[in-house]
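Here are my notes on this model, point by point. Please read them with the structure open.

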Amino acid sequence: MTVPSMEEQDDKRGFKVQDRRRFSAEGEAKPGGDDASSEAPDIKSKPASSGPEPASKPQASAAQPAPSRQSSEPPPELTFAAFLWSLSEQALAALGEIPDPMSGKVTHDLILAQQMIDIIIMLRDKTRGNLDPHEQALLKEILSSLQMKYVEMARQTNR
């Protein structure tokens, strides 16, 4: 009887990791990136004696089709500034400054507005020292504007 080597044992009980990302670290599309998603994953399963495996979570992207776009316009660029802008839009809708994009109605929700402001404050604190001057100025301007509007609305509701 021969004893299998360590390499043979590892091959029988582990997983093979393969990079299937479509983009490089610089954001460039990798060659052949489109066909990688159609291939089955190359995973070696663990032996049955290794104990129960946790139940797998369903993937939302696989279960639901992506929403279709009505126009042929490309999607907006995903940047930190665009993310900040979307958070500020939600806060402005909660403050009643703009209509809610989903319902078209003007609402006043101080709790939601405070939560959105708190999220922006958290982002400011967590990204301190990592933003370019434009992003830093935008964050400061959005935050101060939202805080002033929040105080005005809170004063009006307390009267």
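1. Among contacts in the protein chain between residues at least 6 apart in sequence, 57% join residues at least 24 apart. Contact here means heavy atoms within 4.5 Å. This is a predicted model: local features need pLDDT of at least 70, side-chain atom pairs count only at pLDDT 80 or more, and totals for chains, interfaces and linings use all residues. Residues are numbered from 1 along each chain as its sequence is written, and side-chain values use heavy atoms, with hydrogens and water left out.

2. The secondary structure is five helices and zero strands. From the N terminus the order is α-α-α-α-α. Helices (H or I, at least four residues) and strands (E, at least two) are DSSP runs, numbered from the N terminus. The protein chain has 159 residues, of which 18% count as buried. Buried means under 20% relative accessible area, exposed means over 50%, and partly exposed lies in between (1.4 Å probe, protein chains only).

3. Check confidence before reading detail. The mean pLDDT of the protein chain is 74, and 57% of its residues reach 70 or more. pLDDT is the predictor's confidence in each residue, from 0 to 100. Confidence is lowest in helix H2 (residues 60–63), at a mean of 43, and highest in H4, at 96. Over residues 33–65 the pLDDT is below 50. Beyond near neighbours in sequence, that stretch has 19 contacts in the model.

4. How many salt bridges does a search of the whole structure find? The count is three. A salt bridge is a side-chain nitrogen of Lys or Arg within 4 Å of a carboxyl oxygen of Asp or Glu. One pairs Lys149 with Glu97, with the closest N and O atoms 3.7 Å apart. Lys149 lies in helix H5 and Glu97 in the loop between helix H3 (80–94) and helix H4 (110–126), so this pair ties together parts that are 52 residues apart in sequence. Lys149 is partly exposed, at 26% relative accessible area. Glu97 is partly exposed too, at 44%.

5. Asp125 has two partners to inspect. Its closest N and O atoms with Arg124 are 3.1 Å apart. With Arg128 the figure is 3.4 Å. Arg128 counts as exposed, at 58% relative accessibility. Asp125 is partly exposed at 38%, and Arg124 is partly exposed at 31%.

6. Which residues line the largest pocket? They are Arg124, Thr127, Arg128, Gly129, Asn130, Leu131, Gln136, Leu139 and Lys140. The pocket holds about 160 Å³ of space. A pocket is an open set of points on a 1 Å grid over the protein atoms alone, where a 1.4 Å probe fits, with protein on both sides within 12 Å along at least five of seven lines; lining residues have an atom within 4 Å of a point. Helix H5 (residues 133–158) gives the largest share of the lining, three residues. The lining divides into two nonpolar, four polar and three charged residues. Ala, Val, Leu, Ile, Met, Phe, Trp, Tyr, Cys and Pro count as nonpolar, Asp, Glu, Lys and Arg as charged, and the others, Gly among them, as polar.

7. Asp100 sits in the loop between H3 and H4. Asp100 is partly exposed, at 23% relative accessible area. Leaving aside neighbours within four places in sequence, Asp100 is in contact with Ala93 and Lys105. The C-alpha atoms of Asp100 and Glu89, 11 residues apart along the chain, are separated by 9.0 Å.

How values were computed: Points joined across faces, edges and corners; volume = space filled by probe spheres on them.
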